[in-house]
Amino acid sequence: MFAEIMAIVIFVAMFIMIVWDRFPKHYVTLICGALASIFVFGIGMRSSEAFLETIAVQGIFKPSFWYAAGESAEQTSGVNWATIIFLWGMMVMVEGMADAGFFDWLCLKIAKLAHYEPTRIFVAFMVLAAVLSMFIDSITVILFLAAVTIRLARTLKFNPIPVIMAEIFCANLGGSATMCGDPPNIIIGTSLGYSFSDFVVNTGVIGAISLVIIIVYFYFTMRGKLQNPNDKVDPSTIDVDIKIDNLREFLISTFIFALAVVLLVTHAMTGLTVAFIGVAIAAVTLIASGRKALKLLKRVDYFTLLFFIGLFIVVGGLEQTGVLVVIANFIAKVSGGNVHVMLAIILWISAIASAFIDNIPFSATMIPVIKSLAATTGLDLSTMAWTLAIGTDIGGSMTPIGASANVVGISTAGKEGYPISWATYCKELVPGTIIVLIVSMISIYVRYL
Amino acid sequence: MGQFIISVGREYGSGGHEIATILAEKFNVPMYDRNMLDQMAERNGIDAEDLHKHEEMKHRGLVRTVRGHSSSVQDTIAELQFNFIRDKAASGESFVVVGRCAENVLRDNPALISIFVRGDEGAKVERVSRLYKLNDLEAKAKMFRHDKKRKAYHNYYSKMKWGDSRGYDFCVNSSLMGVEATAEALYEMLSKFLKEKGQL
C-alpha cells in the first residue's frame, strides 16, 4: 500500500510542479523520478526487477530496438528510449535545417506564391503549419512561421495576431496526423507498436478532414480582423529578399529532410525502428555539417530529453504498482461498459486535461490505462489509441499554455509588440478546438464503431 | 561627452516620475517611461494602450515556459522593454529611464547611475489626492495598489528587492525637501559628478 500511495503522491506533486512552472521542468521530473526510485521501487516494492524494467536500458542493446521485422511494440513500459532517441535525432536534423535557412526560405517563397495577399498568406500559412508539423516539431515550425508572419505583417500592413493563432492551431492539428508530429504520438506509437502509416490512415485522415473544416471556419471568423481596407499595400511594390545564403547547405538539409520523411513513411516495410531512424538522420546531419557538427549538437534541447526520462520513471511507478489499472477500471465502471461513452471520456478528458497540463505526461500515463481498458472491456486498443492521440494533440490548442507551440507563438508575437492575451487567444481558439473535437468524435464513431 | 544613463525607481506618489522628467530636461537627454512602447505600437499599427495595460506588471494566472519562451503577455512585454533599454544603452545614447527594472537590466553598465525615490506616507497621500482629485482614503488605496504591483513586478524580474538601498546608487526621500528641490539637488550633485568624470 505504501508503494501505491507514494507513487500517487509523487505523480501528483510532479504534475502540480509542472503546472506551477516555478522550477525547470526537467529538474522536477528528474527529482520526482529519483524519489519514485527510492520510495516506490526501493522502500515500497523492494523490487530491483521493477526498477530495472522501468529504467529499461537493457532494451537499447537488443537488435529489435533498432530493427523490428513486422509491427511490434518497441517498448512496453518504463522509460521510452525509442521516443527519446528519435526526438534527439530529429532535433539535430531541425537545427541543421534552421542553420541552412530552410524555413525562412520556404515561408517567404510561399508568401510570394500567394502574391503577398494577406488573406491568401493566412490560408497558405495554415496549410504550411499543418504540413510541416507532420514531420517537424511544432515549436520549430511556429518559431519560424511566426517570425516570418510578423516580418510580412509589417511590410504588408496586416494584423499578424489572427494569422499566428491560426498557425498555432494548425501546427497542433498537423502534429496529430502522424506518428512523429507530436511527442504523445511517438510515445503511443512506440509503446503500442503502431507504424507511421497506421497513424496517417487513422489520425491523419481525421486531421485532414478537421483541417479543411477549420480553415473554412478561421477564414470566415478571422479574415475581417486581418487588415483595414485602407492599409492595403500594392503587391508589386513589395521587395522581400528571398535568398539562400549557402546553397550547398540548403540542398543538403532539404535532402536530409526528404530522407527522414521517406524513412518514416516506409518504416513499417523496412523494419527500421524510429530509434534507428533518429540516429541515422542525426548521423547524416552531423557528417554533412562538418565543422558545424559540434555547434548543432550543443543547440539540441537536452533539457526536454531529461524531462522525458524523469517523467517515464514516475509514470513507471504508477504502472508497476497497479494504480493505472485502478484508473482504467474506474473509467470502465463510469461508462457502464458503453463503448461510445468510454471513447467520449477518453477524448474529452484528454482534451480538457491537455488544455491545462502538459500533454506528454498525460498521454504517457494514459497508455497503460487504455491497455488495461482494452484487456478488461474488449474494446479495440487501436481505436482508443487514436482517440487518445487526437484528444491530447488537439486539446492542447484550447489555451495559451496547452501546448509548446502556443507558448512559442504567443511569446514570439509579444516580443515583437503584438500581445496575445488569454482572452484574445481563447475567444478564437476555444470554439475552433471544440469544433475539431466534435468532428473527431463523429469520425471515430462512424469509422470504428 | 561620454554616455550616462540615469534610472529612477520610485514609490507611487513620491514624485519620482517628475524628478526624472526634470533631470532629463536639465541634462537635455531623452526620458523613457511607458513611452518606450509607443514607438513599437506605432510601428505595428496597433493601439499603444494594448501594450500599456500589460506593462510594469508581474504575470498573472497560469503561465507556461518553453525553451525560454513564456506564454504570459506581461513577461513578453517586460522582455520587450528590457530589450529596448539594452538597445538604447548599447547605442551609446545618454538617457533617463523611469522604472522598468532598468537598474537591474543595466546593472553591469558602467554608465548607469541608479536612483530610488521614496516619500513619507502623508506627503504622498497629499500629492496623489491633489493630482487625481481623490479623498485621502482613496488616494491611500490607489497608492497601496500601485506600490504592491510595482514591488511584485520589480522583485520578480530583478536580483535586488524593490526599494532596497543596496540595489541603488542613491536613495532619496522626496518629502524632505519637496519634489522640485530634490530634483534640483540631484541635478547639482550628478552634474558635478559627471563633469568630474568628463562625461558632461
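**View 1. The loop in chain A that holds A:Asp21.** A:Asp21 sits in the loop between α1 (2–20) and α2 (25–44) of chain A; helices here are DSSP runs of H or I with at least four residues, strands are runs of E with at least two, and both are numbered from the N terminus. This is a predicted model, where local features need pLDDT of at least 70, side-chain atom pairs count only at pLDDT 80 or more, and totals for chains, interfaces and linings use all residues. Residues are numbered from 1 along each chain as its sequence is written, while chains are lettered from A and ligands numbered from 1 in the order in which they are written. Most residues other than glycine have a negative phi. A:Asp21 isn't a glycine, yet its phi is positive, near 60 degrees. With 19 C-beta neighbours inside 10 Å, A:Asp21 counts as partly exposed (buried means 20 or more other C-beta atoms within 10 Å of a residue's own, exposed means 12 or fewer, partly exposed is in between, and C-beta atoms are placed from the backbone).

**View 2. B:Arg67, in a loop of chain B.** Look between β3 and β4 of chain B and you'll find B:Arg67 in the loop. B:Arg67 has a positive phi too, about 45 degrees, and is not a glycine. It is partly exposed, with 13 other C-beta atoms within 10 Å.

**View 3. Strand β6 of chain B and its partners.** Strands pair if DSSP finds at least two bridges between them. Strand β1 (residues 5–10) of chain B runs parallel to β6(B), and 6 bridges join them; B:Ile5 has B:Leu112 as its bridge partner. Strand β7 (residues 170–173) of chain B is also parallel to β6(B), with 4 bridges, and here B:Ile115 has B:Phe170 as its bridge partner.

**View 4. Where chain B touches chain A.** The contact takes 22 residues from chain B and 22 residues from chain A (in contact means C-beta atoms, placed from the backbone, within 7 Å). On the chain B side, the elements giving two or more residues are α2 (36–44), α3 (48–52), β3 (65–66), β4 (69–70) and α4 (73–90). Of these, α4(B) gives the most, with 5 residues.

**View 5. Chain B as a whole.** Chain B has 9 helices and 7 strands. Its C-alpha atoms fill a box of roughly 45 × 45 × 35 Å, taken along the principal axes. Buried residues make up 40% of its 200 residues.

How values were computed:
Contact = placed C-beta atoms within 7 Å.
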